[in-house]
Amino acid sequence: LRSVNAVLPPEIAVLEAEAAPAGFNARYDAVARAYRYRVLAPIGAVLRLVFLPIIWLWRRWWGKALLFLAALPFIGYFILWMMFARGLPSAEALLTYEPALPTYVRDVNGEPIQTFARERRVQLAYEEFPRDLINAFLAAEDRTFFSHSGVDIPGIISAMWSNLTNPGRPVGASTITQQVAKNMFLTNEVTYTRKIRELFLARRIESVLTKEQILEIYLNQIFL
């Protein structure tokens with residue numbers, strides 16, 4: 001009320017003061033003080049704790065360099081996201097994944113008499129695949145499948161170093177999740193653009209599906 005009266009003309013401020021009930025100003029001041037001490041004071045303390053070191057660093061030339069280096073990964077990720085990740089399909093579409101299964105023509109007794117299909121395949125649940133088959137694919141394609149989050153960073157670094165030092169056929173580092181992203185959403189073109197989009201999609205898939213669901217889609221989709 002006091003802050004309002006400070007900007008009102010004198011005659012209106014007097015009317016407002018006369019219209020206020022007895023004890024209103026005291027209660028208002030008590031509520032305002034409690035709000036400042038219980039809400040604003042902790043927020044202010046946290047902001048000072050966060051921004052005072054940043055301000056102290058920003059006043060020094062080497063501090064500016066450190067802050068820039070610290071912000072560089074976030075800036076780079078944002079630029080990559082703007083260039084490659086916008087417009088990518090939602091990984092939630094895989095929750096309703098159904099492979100192209102054969103169409104069966106049945107007789108009056110329900111017995112199949114003819115099958116039409118571009119690919120002869122059978123859809124299996126994760127539990128129906130033999131454990132030896134799963135272990136074989138994990139050993140050949142992605143040994144760290146159950147420990148990474150869709151992208152195997154050490155594997156990518158190792159593959160890059162191997163391709164730089166050893167001429168010949170390039171070594172890949174795609175995880176099973178990345179292969180699912182490529183087979184379900186992207187094409188087989190060999191470009192850096194597709195590879196970066198594949199990385200973003202792999203992280204999205206890992207945030208939506210479990211490891212078992214990803215393996216189930218992978219084993220149902222590829223040619224065994």
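# Helix packing

Of the contacts (heavy atoms within 4.5 Å) between residues at least 6 apart in sequence, 61% join residues at least 24 apart. The model is predicted: local features need pLDDT of at least 70, side-chain atom pairs count only at pLDDT 80 or more, and totals for chains, interfaces and linings use all residues. Residues are numbered from 1 along each chain as its sequence is written, and side-chain values use heavy atoms, with hydrogens and water left out.

Colleague: In what order do the elements of the protein run from the N terminus on?

Modeller: Helices (H or I, at least four residues) and strands (E, at least two) are DSSP runs, numbered from the N terminus. The protein has nine helices and two strands. Their order is α-α-α-α-β-β-α-α-α-α-α.

Colleague: Which residues of helix 7 are buried?

Modeller: Buried means under 20% relative accessible area, exposed over 50%, and partly exposed in between, with a 1.4 Å probe and protein chains only. The cover over the buried part of helix 7 includes helix 5, helix 8 and helix 9. The buried residues of helix 7 are Ile 176, Thr 177, Gln 178, Gln 179, Val 180 and Ala 181.

Colleague: Is Glu 198 buried or exposed?

Modeller: Glu 198 lies in helix 8. Beyond four places in sequence, Glu 198 touches Ser 174, Gln 178, Ala 181, Lys 182 and Leu 186. With a relative accessible area of 1%, Glu 198 is buried.

Colleague: How are helix 7 and helix 9 set to each other?

Modeller: Axes are lines fitted to C-alpha atoms, for helices over the stretch in contact, and angles run from 0 to 180 degrees between N-to-C directions. The axes of helix 7 and helix 9 come within 10 Å and cross at roughly 55°. Angles under 35 degrees count as roughly parallel, over 145 as roughly antiparallel, 65 to 115 as roughly perpendicular and the rest as oblique. Helix 7 and helix 9 are therefore oblique.

Colleague: Which residues of helix 9 meet helix 7?

Modeller: On the helix 7 side, the residues are Ile 176, Thr 177, Gln 179, Val 180, Asn 183 and Met 184. On the helix 9 side, they are Ile 214, Leu 215, Ile 217, Tyr 218 and Gln 221.
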